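Let's sit down together and learn to read a protein model, one feature at a time. Bring your questions.

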Amino acid sequence: MLNSYLIQLIQEKGALSQSQFMEIVLQHPKYGYYQRQEAVGQDFTTSPEISQVFGELIGAWAVDYFLQIKKPQNLTLVELGPGKGTLLADFLRIAKLEPSFYQALKIYFVETSPPLKDQQKTTISFPFTWLENLEELPKDQNPLIIIANEFFDALPTNLFKRKENIVFERCIAYEDGKLVFQDIERRKEVGPDEIWEESPQTEALFHVICKRLQICGGVFLCIDYGYEGGSGDTLQALYKAEPSPPLTHIGQSDLTCHVNFSKLKEIALSYNLGVLGPCPQGQFLKNLGIDLRIEFLKKKNPSQSAALNAALTRLTHPQQMGTLFKASAFFSPLTPHPSGFNLCF
Ligand code: SAH
């Protein structure tokens with residue numbers, strides 16, 4: 001169904017930019033990928049789904065920040081794209097240990113997927129409010145903690161190539177009975193031959209985040225796979241946990257692009273925010289005490305030792321999620337530094 005919808009659209013309006021294509025494939029209200037119940041966990045697994053420790057450590061990180069900013073009476077906690085709600089469920093179990101934090105919390109989820117909303121409803125027992133986008137967040141002055149794990153990588157991204165002073169845009173066209181990638185000439189522009197990505201949706205949302213942090217104070221913790229400097233073509237599809245060509249299982253496979261952390265940093269600095277990281281996920285989790293937490297859980301549940309060791313390796317080893325995934329914090333300069341970023345390089 002999604003294929004015929006895309007083909008008809010292309011026949012009527014011409015080739016689609018990569019971001020138009022991603023937007024439709026992931027978000028179409030009827031046929032989009034995130035309408036599928038089994039999205040998270042089947043095609044791709046995220047850190048919170050690998051181990052409870054991930055959300056617990058972020059919960060402890062948030063409580064630490066709350067204590068550093070002197071326990072405000074009201075604190076807005078926003079999670080962007082909470083998936084099944086697992087991260088926050090684990091987070092809240094730890095947060096409960098600090099009653100003043102728990103009592104100050106008002107929780108918002110930015111989420112568009114109806115099946116994932118259903119799952120969040122059953123996973124989270126704390127009251128929360130869904131927002132379609134961050135602009136809907138009530139305009140109060142309460143400090144914020146915003147969290148996003150593997151959220152920005154799902155936002156639509158365009159790809160450009162400059163070759164011999166001509167800029168081409170990668171588009172999706174319909175040719176010889178199938179959908180194909182096609183580079184379309186956009187403009188003449190003097191510069192070296194290179195390939196780069198731009199994500200207008202990521203940038204627009206990040207401006208909203210930075211503005212709010214500037215006004216209300218607080219911190220945004222962004223964890224995702226991404227790059228700093230350099231660029232390239234990072235569009236990838238995962239179908240049943242295996243890489244797959246992006247135009248093969250359209251609407252059935254997860255589509256992502258890596259996050260450009262340098263761009264986020266550049267925008268945050270234009271708002272005079274503090275920036276820490278990007279720090280490799282492995283180092284960040286070790287700074288937050290993942291080794292100790294795993295040892296503690298192993299002592300409590302010796303029969304789970306092998307599974308806990310495997311989760312530790314998966315989350316922190318450089319050849320697994322330890323290096324490719326990165327954490328960065330963007331924060332109001334009036335507040336102290338969020339923890340977890342020492343020894344980051
Ligand atoms: N953070 C979760 C899930 C990551 S998957 C985890 O770590 O397990 C991406 C999440 O972002 C899903 O919940 C998806 O529905 C949501 N999402 C993707 N694009 C979105 C958009 N444009 N607006 C709001 N939510 C979006």
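Predicted model: local features only at pLDDT ≥ 70, side-chain atom pairs only at ≥ 80, totals over all residues.

Q: What radius of gyration does the chain have, and what would a compact globule have?
A: The idea is to set the chain beside a compact globule, which with 345 residues would have a radius of gyration near 20 Å. The chain has 21 Å, so the two agree. Along its principal axes, the C-alpha trace spans about 60 × 45 × 35 Å.

Q: How do I read burial, say for isoleucine 94: is this residue buried or exposed?
A: Buried means under 20% relative accessible area. Isoleucine 94 has 19%, so this residue counts as buried. Of the 345 residues of the chain, 54% are buried too.

Q: Where does isoleucine 94 lie, and which residues is it in contact with beyond its neighbours within four places in sequence?
A: Isoleucine 94 sits in helix H6, which covers residues 86–95. Leaving those sequence neighbours aside, isoleucine 94 is in contact with Glu56, Gly59, Ala60 and Arg293.

Q: What share of the contacts in the chain join residues at least 24 apart?
A: Take contacts between residues at least 6 apart in sequence: 74% of them join residues at least 24 apart.

Q: And how many charged side chains are there, positive and negative?
A: The chain carries 32 positive and 38 negative side chains, and the centres of the two sets lie 5 Å apart. As for the accessible surface, about 15600 Å² in total, 53% belongs to carbon and sulfur atoms.

How values were computed: Residues numbered from 1 in each chain as written. Heavy atoms only, no water. Helix = DSSP H or I, 4+ residues; strand = E, 2+ residues; numbered from the N terminus. Buried < 20%, exposed > 50% of the residue type's maximum accessible area, 1.4 Å probe, protein only. Contact = heavy atoms within 4.5 Å. Rg over C-alpha atoms; globule rule 2.2 N^0.38 Å. Areas by Shrake-Rupley, 256 points an atom, 1.4 Å probe, with all protein chains shown as cover. Lys, Arg positive; Asp, Glu negative; His and termini not counted. Charge placed at Lys NZ, Arg CZ, Asp CG, Glu CD.
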